Amino acid sequence: MARTKFPVEVLTPEGEVFNDEVEMISTRTATGSIGILANHTPLLAMLDPTELRLYRSEGEIVRLAQGEGYLQVADNHALILVEEAHAPDQIDRADLQEKLQAAQDAYANAEQGSEAQRQAARDRRRWEAFTRIAGGE
Amino acid sequence: MAQQRDVKNRIASVKNIQKITRAMEMVAAARLRRAETRIAALRPYAGAIRRMTRQAAEAAGNVPALPILNEHDNEQRVALLLVTADRGLAGAFNSQIIRAGVRTAAEYQAAGREIVYYATGRRGVSSLTFRGTEPRQGFTGFTERPAYANAREIAQALMTAYIDGQVDRVEILYNGYISPIQQEVRRETLLPLQQATILEESDEERETGGHEAGAPHALVEYEPEPEEILQRLVPDYVEISIFRALLESTASELGARMTAMRSASDNAGDIIDDLTLEMNRARQAEITQEIMEVVAGAEALS
(Lines give C-alpha, C1' and ligand atoms only; values in the text may rest on other atoms or scores of the structure.)
Protein backbone atom coordinates (compact mmCIF):
# COMPACT_ATOMS: atom_id res chain seq x y z
CA MET A 1 0.00 0.00 0.00
CA ALA A 2 1.37 3.35 -0.94
CA ARG A 3 2.02 5.70 1.95
CA THR A 4 1.70 9.47 1.98
CA LYS A 5 4.76 11.21 0.62
CA PHE A 6 6.58 14.19 2.05
CA PRO A 7 9.50 16.33 0.82
CA VAL A 8 13.07 15.58 1.89
CA GLU A 9 16.19 17.59 1.26
CA VAL A 10 19.68 16.21 1.82
CA LEU A 11 22.35 18.92 1.97
CA THR A 12 26.10 18.58 2.34
CA PRO A 13 28.74 21.35 2.41
CA GLU A 14 29.47 20.43 -1.21
CA GLY A 15 25.90 20.87 -2.36
CA GLU A 16 22.51 19.25 -2.53
CA VAL A 17 22.50 15.47 -2.82
CA PHE A 18 18.81 14.67 -2.80
CA ASN A 19 15.62 16.70 -3.05
CA ASP A 20 12.44 14.77 -3.67
CA GLU A 21 9.33 13.32 -2.06
CA VAL A 22 9.62 10.06 -0.17
CA GLU A 23 7.38 7.75 1.83
CA MET A 24 9.87 7.03 4.58
CA ILE A 25 13.32 7.93 5.84
CA SER A 26 15.40 5.50 7.82
CA THR A 27 18.57 6.63 9.54
CA ARG A 28 20.37 6.61 12.86
CA THR A 29 20.42 9.32 15.52
CA ALA A 30 22.77 9.57 18.46
CA THR A 31 20.19 7.64 20.51
CA GLY A 32 19.34 4.93 18.01
CA SER A 33 17.70 3.97 14.71
CA ILE A 34 14.81 6.10 13.59
CA GLY A 35 12.16 5.95 10.86
CA ILE A 36 10.34 9.07 9.73
CA LEU A 37 6.96 8.96 7.99
CA ALA A 38 4.82 11.83 6.72
CA ASN A 39 3.37 14.20 9.35
CA HIS A 40 6.03 13.45 11.92
CA THR A 41 6.15 15.77 14.94
CA PRO A 42 8.74 18.56 14.73
CA LEU A 43 12.13 17.09 15.50
CA LEU A 44 15.75 18.09 15.74
CA ALA A 45 18.10 15.14 15.91
CA MET A 46 21.81 14.54 15.73
CA LEU A 47 22.79 11.85 13.22
CA ASP A 48 25.57 9.32 13.45
CA PRO A 49 27.36 7.68 10.51
CA THR A 50 25.20 4.98 9.01
CA GLU A 51 23.37 3.99 5.85
CA LEU A 52 20.69 6.55 5.12
CA ARG A 53 17.69 5.04 3.31
CA LEU A 54 15.21 7.17 1.44
CA TYR A 55 12.14 5.16 0.42
CA ARG A 56 10.67 6.65 -2.71
CA SER A 57 8.32 3.67 -2.61
CA GLU A 58 8.35 0.14 -1.21
CA GLY A 59 10.67 -1.08 -3.92
CA GLU A 60 12.62 2.03 -4.81
CA ILE A 61 15.14 2.90 -2.11
CA VAL A 62 17.92 5.46 -2.40
CA ARG A 63 20.85 4.43 -0.21
CA LEU A 64 23.58 6.80 0.90
CA ALA A 65 26.52 6.45 3.23
CA GLN A 66 26.01 9.37 5.61
CA GLY A 67 28.61 11.02 7.82
CA GLU A 68 27.75 12.91 11.00
CA GLY A 69 24.90 15.35 10.67
CA TYR A 70 21.51 16.60 11.75
CA LEU A 71 17.90 15.95 10.90
CA GLN A 72 15.24 18.56 11.21
CA VAL A 73 11.54 17.92 10.69
CA ALA A 74 9.27 20.96 10.56
CA ASP A 75 5.96 21.53 8.79
CA ASN A 76 6.03 18.01 7.33
CA HIS A 77 9.32 18.80 5.60
CA ALA A 78 12.53 16.96 6.42
CA LEU A 79 15.93 18.56 6.14
CA ILE A 80 18.97 16.34 6.48
CA LEU A 81 22.34 18.04 6.88
CA VAL A 82 25.31 15.72 6.70
CA GLU A 83 29.03 16.32 6.41
CA GLU A 84 29.22 13.82 3.61
CA ALA A 85 26.89 11.53 1.69
CA HIS A 86 28.08 9.02 -0.89
CA ALA A 87 26.40 6.39 -3.02
CA PRO A 88 27.69 3.07 -1.63
CA ASP A 89 29.15 2.02 -5.01
CA GLN A 90 31.18 5.24 -5.20
CA ILE A 91 33.13 4.58 -2.04
CA ASP A 92 36.79 3.85 -2.68
CA ARG A 93 37.40 0.84 -0.45
CA ALA A 94 41.19 0.95 -0.55
CA ASP A 95 41.12 4.62 0.43
CA LEU A 96 38.64 3.86 3.19
CA GLN A 97 40.84 1.06 4.50
CA GLU A 98 43.74 3.50 4.73
CA LYS A 99 41.68 6.09 6.57
CA LEU A 100 40.39 3.50 9.01
CA GLN A 101 43.92 2.29 9.67
CA ALA A 102 45.09 5.89 10.21
CA ALA A 103 42.25 6.53 12.67
CA GLN A 104 43.05 3.33 14.56
CA ASP A 105 46.73 4.26 14.76
CA ALA A 106 45.89 7.79 15.88
CA TYR A 107 43.62 6.37 18.56
CA ALA A 108 46.28 3.99 19.80
CA ASN A 109 48.94 6.73 19.89
CA ALA A 110 46.81 9.44 21.46
CA GLU A 111 47.05 10.23 25.11
CA GLN A 112 44.34 8.64 27.23
CA GLY A 113 41.41 11.03 27.74
CA SER A 114 42.78 13.73 25.40
CA GLU A 115 40.80 15.59 22.78
CA ALA A 116 43.00 14.00 20.11
CA GLN A 117 41.82 10.58 21.26
CA ARG A 118 38.15 11.59 21.15
CA GLN A 119 38.58 12.90 17.61
CA ALA A 120 40.32 9.68 16.54
CA ALA A 121 37.48 7.65 18.04
CA ARG A 122 34.98 9.70 16.06
CA ASP A 123 36.93 9.17 12.82
CA ARG A 124 37.25 5.48 13.51
CA ARG A 125 33.52 5.09 14.09
CA ARG A 126 32.72 6.89 10.83
CA TRP A 127 35.11 4.86 8.72
CA GLU A 128 33.92 1.62 10.34
CA ALA A 129 30.33 2.48 9.44
CA PHE A 130 31.33 3.31 5.86
CA THR A 131 33.29 0.07 5.60
CA ARG A 132 30.18 -1.87 6.62
CA ILE A 133 28.11 -0.03 4.00
CA ALA A 134 30.69 -0.49 1.24
CA GLY A 135 31.10 -4.12 2.19
CA GLY A 136 27.67 -4.94 0.79
CA GLU A 137 24.61 -6.34 2.48
CA MET B 1 71.95 34.81 -42.63
CA ALA B 2 73.00 33.39 -39.25
CA GLN B 3 71.41 36.27 -37.36
CA GLN B 4 68.11 35.81 -39.14
CA ARG B 5 67.96 32.15 -38.19
CA ASP B 6 68.68 32.95 -34.51
CA VAL B 7 65.86 35.44 -34.35
CA LYS B 8 63.54 32.97 -36.11
CA ASN B 9 64.34 30.31 -33.49
CA ARG B 10 63.65 32.73 -30.69
CA ILE B 11 60.31 33.70 -32.20
CA ALA B 12 59.37 30.02 -32.44
CA SER B 13 60.24 29.35 -28.81
CA VAL B 14 58.36 32.42 -27.55
CA LYS B 15 55.36 31.27 -29.62
CA ASN B 16 55.50 27.89 -27.89
CA ILE B 17 55.59 29.53 -24.48
CA GLN B 18 52.63 31.67 -25.46
CA LYS B 19 50.67 28.56 -26.43
CA ILE B 20 51.33 27.07 -23.01
CA THR B 21 50.39 30.20 -21.07
CA ARG B 22 47.21 30.57 -23.17
CA ALA B 23 46.26 26.96 -22.39
CA MET B 24 46.94 27.47 -18.68
CA GLU B 25 44.82 30.60 -18.71
CA MET B 26 41.90 28.74 -20.25
CA VAL B 27 42.23 25.78 -17.88
CA ALA B 28 42.24 28.17 -14.90
CA ALA B 29 39.17 29.99 -16.27
CA ALA B 30 37.21 26.73 -16.65
CA ARG B 31 38.16 25.54 -13.16
CA LEU B 32 37.36 28.94 -11.70
CA ARG B 33 33.75 28.62 -12.77
CA ARG B 34 33.51 25.29 -10.93
CA ALA B 35 35.19 26.77 -7.86
CA GLU B 36 32.66 29.62 -7.80
CA THR B 37 29.80 27.11 -7.94
CA ARG B 38 31.23 25.30 -4.95
CA ILE B 39 31.36 28.49 -2.88
CA ALA B 40 27.69 29.03 -3.70
CA ALA B 41 26.86 25.40 -2.86
CA LEU B 42 28.14 25.80 0.71
CA ARG B 43 25.77 28.69 1.53
CA PRO B 44 22.51 26.77 2.06
CA TYR B 45 24.29 24.24 4.28
CA ALA B 46 26.01 26.90 6.39
CA GLY B 47 22.74 28.83 6.69
CA ALA B 48 20.82 25.74 7.81
CA ILE B 49 23.48 24.88 10.41
CA ARG B 50 23.14 28.39 11.83
CA ARG B 51 19.35 28.15 12.03
CA MET B 52 19.54 24.78 13.76
CA THR B 53 22.10 26.11 16.21
CA ARG B 54 19.88 29.03 17.13
CA GLN B 55 16.88 26.74 17.52
CA ALA B 56 18.82 24.38 19.78
CA ALA B 57 20.35 27.28 21.74
CA GLU B 58 16.90 28.74 22.36
CA ALA B 59 15.60 25.38 23.53
CA ALA B 60 18.60 24.84 25.79
CA GLY B 61 18.32 28.37 27.17
CA ASN B 62 21.96 29.12 26.41
CA VAL B 63 25.04 27.85 24.64
CA PRO B 64 26.89 25.35 26.84
CA ALA B 65 30.37 26.29 28.01
CA LEU B 66 32.36 24.34 25.46
CA PRO B 67 36.17 24.38 25.62
CA ILE B 68 36.46 25.98 22.15
CA LEU B 69 34.33 28.94 23.32
CA ASN B 70 36.50 29.33 26.36
CA GLU B 71 39.16 32.05 26.18
CA HIS B 72 42.51 31.02 27.62
CA ASP B 73 43.63 33.29 30.47
CA ASN B 74 47.14 33.65 29.16
CA GLU B 75 47.39 33.89 25.35
CA GLN B 76 50.97 32.76 25.19
CA ARG B 77 51.04 30.61 22.06
CA VAL B 78 49.33 31.85 18.91
CA ALA B 79 48.74 29.48 15.99
CA LEU B 80 48.65 30.91 12.47
CA LEU B 81 47.09 28.83 9.70
CA LEU B 82 48.40 30.00 6.33
CA VAL B 83 46.24 28.90 3.40
CA THR B 84 48.36 28.66 0.25
CA ALA B 85 48.32 26.55 -2.91
CA ASP B 86 50.14 23.41 -3.96
CA ARG B 87 51.30 25.11 -7.14
CA GLY B 88 52.82 28.43 -8.06
CA LEU B 89 52.48 30.33 -11.36
CA ALA B 90 49.74 32.47 -9.89
CA GLY B 91 51.33 35.86 -9.43
CA ALA B 92 51.58 37.09 -5.86
CA PHE B 93 48.98 34.58 -4.64
CA ASN B 94 51.24 32.51 -2.39
CA SER B 95 53.83 35.12 -1.49
CA GLN B 96 51.32 37.66 -0.20
CA ILE B 97 49.95 35.11 2.30
CA ILE B 98 53.43 34.19 3.48
CA ARG B 99 54.31 37.88 3.80
CA ALA B 100 51.13 38.65 5.75
CA GLY B 101 51.80 35.62 7.97
CA VAL B 102 55.35 36.67 8.73
CA ARG B 103 54.20 40.23 9.47
CA THR B 104 51.47 39.00 11.84
CA ALA B 105 53.97 36.69 13.52
CA ALA B 106 56.40 39.57 14.01
CA GLU B 107 53.66 41.65 15.67
CA TYR B 108 52.85 38.86 18.10
CA GLN B 109 56.49 38.11 18.79
CA ALA B 110 57.12 41.77 19.55
CA ALA B 111 54.38 41.44 22.17
CA GLY B 112 56.18 38.46 23.66
CA ARG B 113 54.00 35.70 22.19
CA GLU B 114 55.17 32.43 20.68
CA ILE B 115 54.08 31.55 17.17
CA VAL B 116 53.09 28.10 15.95
CA TYR B 117 52.57 27.79 12.19
CA TYR B 118 50.14 25.53 10.43
CA ALA B 119 49.92 25.58 6.63
CA THR B 120 47.91 24.19 3.76
CA GLY B 121 49.43 23.87 0.29
CA ARG B 122 52.93 22.74 -0.67
CA ARG B 123 54.01 26.32 -1.40
CA GLY B 124 53.27 27.49 2.12
CA VAL B 125 54.83 24.45 3.75
CA SER B 126 58.04 24.73 1.71
CA SER B 127 58.34 28.51 2.12
CA LEU B 128 57.96 28.25 5.89
CA THR B 129 60.40 25.35 6.07
CA PHE B 130 62.89 27.32 3.95
CA ARG B 131 62.63 30.26 6.36
CA GLY B 132 63.47 27.94 9.23
CA THR B 133 59.98 28.19 10.72
CA GLU B 134 58.70 24.75 9.88
CA PRO B 135 54.91 24.42 10.31
CA ARG B 136 53.76 22.21 13.16
CA GLN B 137 51.49 20.48 10.70
CA GLY B 138 51.13 20.81 6.92
CA PHE B 139 48.13 19.81 4.85
CA THR B 140 48.83 19.30 1.15
CA GLY B 141 47.59 17.67 -2.02
CA PHE B 142 44.06 19.04 -2.20
CA THR B 143 44.21 22.78 -2.85
CA GLU B 144 42.98 22.46 -6.44
CA ARG B 145 39.79 20.84 -5.18
CA PRO B 146 39.37 20.87 -1.40
CA ALA B 147 36.81 18.47 0.08
CA TYR B 148 34.91 19.01 3.32
CA ALA B 149 36.89 16.13 4.79
CA ASN B 150 40.09 18.19 4.32
CA ALA B 151 38.57 21.10 6.24
CA ARG B 152 37.43 18.70 8.96
CA GLU B 153 40.93 17.26 9.29
CA ILE B 154 42.43 20.74 9.66
CA ALA B 155 39.69 21.88 12.07
CA GLN B 156 40.18 18.77 14.20
CA ALA B 157 43.92 19.33 14.41
CA LEU B 158 43.45 22.97 15.45
CA MET B 159 40.63 22.34 17.92
CA THR B 160 42.55 19.46 19.46
CA ALA B 161 45.62 21.65 19.94
CA TYR B 162 43.42 24.38 21.43
CA ILE B 163 41.49 22.13 23.78
CA ASP B 164 44.55 20.20 24.90
CA GLY B 165 46.25 23.53 25.68
CA GLN B 166 49.05 23.42 23.08
CA VAL B 167 47.90 26.73 21.59
CA ASP B 168 45.89 29.57 23.12
CA ARG B 169 44.59 31.33 20.03
CA VAL B 170 44.17 30.36 16.37
CA GLU B 171 44.08 32.73 13.40
CA ILE B 172 43.68 31.97 9.72
CA LEU B 173 45.16 33.92 6.80
CA TYR B 174 43.81 33.26 3.34
CA ASN B 175 43.11 34.90 -0.01
CA GLY B 176 39.47 35.96 0.04
CA TYR B 177 37.71 35.79 -3.31
CA ILE B 178 36.13 39.00 -4.57
CA SER B 179 36.19 38.55 -8.34
CA PRO B 180 38.34 36.69 -10.90
CA ILE B 181 40.76 39.63 -10.98
CA GLN B 182 40.51 40.68 -7.36
CA GLN B 183 41.61 38.84 -4.22
CA GLU B 184 42.33 40.19 -0.78
CA VAL B 185 44.30 38.77 2.11
CA ARG B 186 41.91 38.12 4.98
CA ARG B 187 42.85 37.46 8.57
CA GLU B 188 40.24 35.95 10.88
CA THR B 189 40.23 34.50 14.37
CA LEU B 190 39.11 30.86 14.44
CA LEU B 191 39.60 30.09 18.14
CA PRO B 192 38.38 30.94 20.67
CA LEU B 193 35.06 30.95 18.86
CA GLN B 194 32.87 33.93 19.76
CA GLN B 195 29.32 33.20 20.93
CA ALA B 196 28.19 36.29 19.04
CA THR B 197 29.28 34.86 15.67
CA ILE B 198 27.18 31.78 16.31
CA LEU B 199 23.99 33.49 17.30
CA GLU B 200 23.88 36.47 14.98
CA GLU B 201 21.95 36.26 11.75
CA SER B 202 24.33 36.05 8.83
CA ASP B 203 24.17 37.30 5.26
CA GLU B 204 23.80 33.81 3.90
CA GLU B 205 20.62 33.24 5.91
CA ARG B 206 19.07 36.41 4.57
CA GLU B 207 20.14 35.43 1.08
CA THR B 208 18.85 31.88 1.19
CA GLY B 209 15.84 32.90 3.28
CA GLY B 210 15.21 29.37 4.57
CA HIS B 211 12.25 28.71 6.80
CA GLU B 212 12.56 28.87 10.55
CA ALA B 213 10.94 25.96 12.32
CA GLY B 214 7.31 27.00 12.31
CA ALA B 215 6.14 25.00 15.31
CA PRO B 216 6.24 26.39 18.84
CA HIS B 217 9.48 25.33 20.47
CA ALA B 218 7.83 23.37 23.25
CA LEU B 219 6.52 20.91 20.70
CA VAL B 220 9.84 20.12 19.08
CA GLU B 221 11.36 16.78 20.00
CA TYR B 222 15.10 16.73 20.56
CA GLU B 223 17.18 13.64 20.15
CA PRO B 224 19.38 13.75 22.20
CA GLU B 225 18.93 16.83 24.46
CA PRO B 226 19.58 20.24 22.80
CA GLU B 227 22.68 20.73 24.99
CA GLU B 228 24.24 17.60 23.55
CA ILE B 229 23.34 18.55 19.98
CA LEU B 230 25.02 21.92 20.51
CA GLN B 231 28.20 20.20 21.61
CA ARG B 232 28.57 18.99 18.06
CA LEU B 233 26.93 21.88 16.22
CA VAL B 234 29.25 24.52 17.63
CA PRO B 235 32.53 22.89 16.47
CA ASP B 236 30.93 22.63 13.01
CA TYR B 237 31.35 26.40 12.75
CA VAL B 238 35.10 26.04 12.82
CA GLU B 239 34.95 23.35 10.12
CA ILE B 240 32.66 25.45 7.95
CA SER B 241 34.82 28.57 8.37
CA ILE B 242 37.89 26.63 7.29
CA PHE B 243 36.05 24.99 4.41
CA ARG B 244 34.84 28.37 3.18
CA ALA B 245 38.39 29.75 3.41
CA LEU B 246 39.71 26.76 1.43
CA LEU B 247 37.07 27.20 -1.28
CA GLU B 248 37.66 30.94 -1.54
CA SER B 249 41.40 30.38 -1.61
CA THR B 250 41.01 27.90 -4.48
CA ALA B 251 38.87 30.34 -6.47
CA SER B 252 41.38 33.12 -5.75
CA GLU B 253 44.27 30.91 -6.83
CA LEU B 254 42.59 30.13 -10.14
CA GLY B 255 41.70 33.80 -10.65
CA ALA B 256 45.27 34.85 -9.87
CA ARG B 257 46.65 32.18 -12.21
CA MET B 258 44.29 33.27 -14.96
CA THR B 259 45.42 36.88 -14.62
CA ALA B 260 49.10 35.93 -14.39
CA MET B 261 48.87 33.71 -17.45
CA ARG B 262 46.98 36.34 -19.43
CA SER B 263 49.69 38.92 -18.82
CA ALA B 264 52.33 36.30 -19.65
CA SER B 265 50.56 35.65 -22.96
CA ASP B 266 50.36 39.39 -23.64
CA ASN B 267 54.05 39.76 -22.84
CA ALA B 268 54.89 36.92 -25.20
CA GLY B 269 52.89 38.72 -27.91
CA ASP B 270 54.94 41.91 -27.37
CA ILE B 271 58.19 39.98 -27.51
CA ILE B 272 57.10 38.28 -30.73
CA ASP B 273 56.32 41.69 -32.29
CA ASP B 274 59.72 43.05 -31.28
CA LEU B 275 61.54 39.99 -32.56
CA THR B 276 59.64 40.02 -35.84
CA LEU B 277 60.64 43.64 -36.33
CA GLU B 278 64.24 42.73 -35.53
CA MET B 279 64.15 39.86 -37.99
CA ASN B 280 62.73 42.05 -40.76
CA ARG B 281 65.42 44.64 -40.11
CA ALA B 282 68.11 41.98 -40.31
CA ARG B 283 66.66 40.66 -43.55
CA GLN B 284 66.43 44.16 -45.01
CA ALA B 285 70.03 44.86 -44.01
CA GLU B 286 71.16 41.68 -45.72
CA ILE B 287 69.30 42.57 -48.92
CA THR B 288 70.77 46.08 -48.89
CA GLN B 289 74.19 44.57 -48.36
CA GLU B 290 73.75 42.25 -51.33
CA ILE B 291 72.52 45.06 -53.62
CA MET B 292 75.49 47.19 -52.61
CA GLU B 293 77.82 44.31 -53.41
CA VAL B 294 76.20 43.81 -56.81
CA VAL B 295 76.35 47.55 -57.58
CA ALA B 296 79.96 47.75 -56.42
CA GLY B 297 80.83 44.73 -58.58
CA ALA B 298 79.13 46.30 -61.64
CA GLU B 299 80.93 49.58 -61.06
CA ALA B 300 84.28 47.81 -60.85
CA LEU B 301 83.62 46.17 -64.23
CA SER B 302 82.60 49.34 -66.04
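**View 1. Pro192(B) sits in the loop between strand S5 (182–191) and helix H5 (195–199) of chain B.** Helices (H or I, at least four residues) and strands (E, at least two) are DSSP runs, numbered from the N terminus. A cis peptide bond links Leu191(B) to Pro192(B). Its omega is about 0°. Most peptide bonds are trans. This is a predicted model: local features need pLDDT of at least 70, side-chain atom pairs count only at pLDDT 80 or more, and totals for chains, interfaces and linings use all residues. Residues are numbered from 1 along each chain as its sequence is written, while chains are lettered from A and ligands numbered from 1 in the order in which they are written.

**View 2. A cis peptide bond joins Glu223(B) and Pro224(B).** Omega is about -5° here. Pro224(B) belongs to the loop between strand S6 (221–223) and helix H7 (226–301) of chain B.

**View 3. Asp75(A) and Asn76(A) lie in the loop between S8 and S9 of chain A.** Strand S8 covers 69–74 and strand S9 covers 77–82. Phi of Asp75(A) is near 50°, a positive value. Phi of Asn76(A) is near 60°, also positive. Most residues other than glycine have a negative phi. Are these residues buried or exposed? Asp75(A) is exposed, with 11 other C-beta atoms within 10 Å. Asn76(A) is exposed too, with 12 C-beta neighbours inside 10 Å. A residue is buried if 20 or more other C-beta atoms lie within 10 Å of its own, exposed if 12 or fewer, and partly exposed in between; C-beta atoms are placed from the backbone.

**View 4. Domain 1 (6–86) and domain 2 (91–134) make up the division of chain A.** The bounds come from an automatic or database domain assignment. The domain centres, taken over C-alpha atoms, are 24 Å apart. Seven residues of domain 1 and six residues of domain 2 form the contact. Two residues are in contact if their C-beta atoms, placed from the backbone, lie within 7 Å.

**View 5. Chain B has seven helices and six strands.** Along the sequence, the pattern is α-β-α-β-α-β-α-β-β-α-α-β-α. Chain B is more spread out than a compact globule, because its radius of gyration is 29 Å, well over the 19 Å that the globule rule gives for 302 residues. That radius is taken over C-alpha atoms; the rule is 2.2 Å times the number of residues to the power 0.38. The C-alpha trace of chain B spans about 120 × 50 × 25 Å along its principal axes. Of its 302 residues, 35% count as buried.
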